[in-house]
Amino acid sequence: MRYLPTGAQMKQGDQKTITEMGMPSMVLMERAALSVVEMMESEQLDLKKVLVVCGSGNNGGDGFAVARLLHLKGYAVDVWFVGKESSMTEETRLQKQIAVHYGVPVKERVGEDCYTVIVDAIFGIGLSRQVSGTYYNVIENLNQMDAIKVAVDIPSGLSADTGDVLGIAFAADFTVTFAFQKIGMLFGMARKLVGKLVTASIGIEPSVYDGRGDVCYTYDRTDLKNLLPARDPDAHKGNYGKVLLIVGSPGMAGAAYFSAKAAYLTGAGLVQIYTAKENQSNLQQLLPEAIITTYERYEEEKLKELLEWADVVGIGSGLSMSETAQHLLSTTVRCAKKPCMIDADGLNILSKDRALFEKLTPDCILTPHMKEMAGLCGHSVKELKEERFRYFQEFLGSIPSVCVMKDARTLVGRDGRPVYVNTSGNQSMAKGGAGDVLGGMITGLLAQKIEPYEAGTLGVFLHGLAGDAAQKKKGSYSVLASDILDGIAEVLTAESTEMILREKC
Ligand SMILES: NC(=O)C1=CN([C@@H]2O[C@H](COP(=O)(O)OP(=O)(O)OC[C@H]3O[C@@H](n4cnc5c(N)ncnc54)[C@H](O)[C@@H]3O)[C@@H](O)[C@H]2O)[C@@H](O)CC1
Ligand SMILES: [K+]
């Protein structure tokens, strides 16, 4: 698990390390600078002539230290100080003095010199407003220079909170960020402007955020072994849960197939599909492992019987907005009393039926993509993209349930729990059926008695890993939902093989 702090949270992490651990700020700065130099050498950048551009904040202090370290290693380095003497922090003033004492040339302007590498240490996480005036011109100038570009902590001009460009931003080939990737680096233009990212450990430990519920986090592949439910050697299919999927209106057998197969592949014991009669023979051929039960019209008693049978329910994929679909959803939400994943048309119905919306319980997981989310929360997709965290948190505050807001970076949250930001997955997954697969996976995890919030975070993470496995085989254009299904098996096979090996050791 990795924390993804905002700029302000990172500053609190720095301060906590300095005041509570007693780590001097100058030592953190030295380690930060060392990590930048280490990256430049290990990437074998051409360090024939380096320009380090420093501002007056502590990011500039890192820059002065980088320049000194390079100078002491015998590289030709110039510092261009573009900040204001009067606004320098104590540490930066000291770093500047030290650099000067060691003979590093500090210039107030650069002429026609050619540099092989430019190091940007103008603004870090302390950037608090639009870049304008001289700073704007400097960054514009640097971007036009023909050299390898290295950003210290974050490219100057990028918001550490949102990834927005505040006026103008340094376009880096490499960024060395300290302690944690900042949340903004995952969104917007940041993904392009950060270049190759290295996260350097400088002595600020994850424990600085222990006990806080407000810092976002993500998973890495190494977390899987702690997240997946254990498989008991004495188990039978009943141990892994009975899934009821209420999916697929006439002609939408695909949605039913993808979600049911995904639930099975993720480990569910038994899957029953409740679908329109027209889908029966298709589904029986496509997925003989599933129990297929059908409806021609809404039958309350039959539905209640099925809800009674199930341990968990998934509803909505390809369901349509018909009257039958509305009855199916209404009865499920009101009567299920079991973990329930609601997707696609289920969400569209919910957004039009506020009385039903009020009946959501802590056992429900909603999985809207941005358009469905817009319908649910009353903000446009544009607004959601611009202030995704604000509106997501606001929405979580209005429901007792878990919400999975699907986008290139999917968020998972529940009121009172930290927001999970997904970092697995790739652009090849933007295809029809991918959402049905995710819904099935989350339902499959719920069936294995994983709590809804954890089923949401793990389901989204695994789904992305499955998409990454698919992309490796099919590239960025040709991945289909069925390839993501294959990816689930691939990821879980690799993981369970490792588990077996670990148990035998
Ligand atoms: N002990 C620490 O605090 C550590 C800090 N570190 C470095 O320090 C950075 C954070 O330092 P600071 O908080 O001093 O902030 P920055 O160095 O990011 O710069 C902020 C300075 O620029 C000014 N400013 C903000 N937006 C501006 C704008 N648009 N136009 C003009 N001026 C603007 C601010 O008033 C402030 O003086 C990190 O990114 C990291 O590089 C690292 O050395 C690790 C340890
Ligand atoms: K910077």
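Predicted model: local features only at pLDDT ≥ 70, side-chain atom pairs only at ≥ 80, totals over all residues.
Start with the annotation. An unreviewed UniProt entry places the feature "domain: YjeF N-terminal" at residues 10-210. Over that stretch the chain is 36% helix and 17% strand.

Next comes the potassium ion (ligand 2). Its protein donors are N59 (OD1), D120 (O), D120 (OD), F123 (O), V152 (O) and I154 (O). They lie 2.6 to 3.2 Å from the ion. In sequence, the donor residues follow the spacing N-x60-D-x2-F-x28-V-x1-I. The angles among the six donor atoms run from 67 to 147°. The site is classed as irregular, because six donors count as octahedral only if opposite donors are over 155 degrees apart.

Now turn to strand β16, residues 402-405. Both of its faces are covered. V402 and V404 are buried on one side, and C403 and M405 are buried on the other. Strand β15 (residues 364-366) runs parallel to β16, joined to it by two bridges. Here L366 has C403 as its bridge partner. Strand β17 (residues 411-413) pairs with β16 in the antiparallel sense, over three bridges. M405 is partnered by L411 of β17. A hairpin of five residues leads from β16 to β17.

The whole structure holds 22 of them. R2 and D220 form one, with their closest N and O atoms 2.9 Å apart. This pair links distant parts of the chain, 218 residues apart. R2 sits in strand β1 (residues 2-4), while D220 is in the loop between β9 (216-218) and α7 (224-227). R2 is partly exposed, at a relative accessible area of 26%. D220 is also partly exposed, at 27%.

A second bridge joins R68 to E30, again with closest N and O atoms 2.9 Å apart. It connects helix α3 (residues 58-72), which holds R68, with helix α2 (residues 25-42), which holds E30. The two residues are 38 apart in the chain. R68 counts as buried at 7% relative accessibility. E30 counts as partly exposed at 23%, since buried means under 20%.

R390 and E387 form another salt bridge, with closest N and O atoms 3.2 Å apart. Both ends are partly exposed: R390 at 45%, E387 at 36%. Finally, K49, D78 and K107 are linked in a salt-bridge network.

Note on methods:
Residues numbered from 1 in each chain as written. Chains lettered and ligands numbered in written order. Heavy atoms only, no water. UniProt positions renumbered as here; feature names shortened; annotations may be inferred. Helix = DSSP H or I, 4+ residues; strand = E, 2+ residues; numbered from the N terminus. Buried < 20%, exposed > 50% of the residue type's maximum accessible area, 1.4 Å probe, protein only. Pairing = 2+ DSSP bridges. Donors = N, O, S within 2.8 Å, 3.2 Å for Na, K, Ca; no water. Tetrahedral: all angles 85-135°; square planar, octahedral: opposite > 155°, others 65-115°. Salt bridge = Lys/Arg side-chain N within 4 Å of Asp/Glu carboxyl O.
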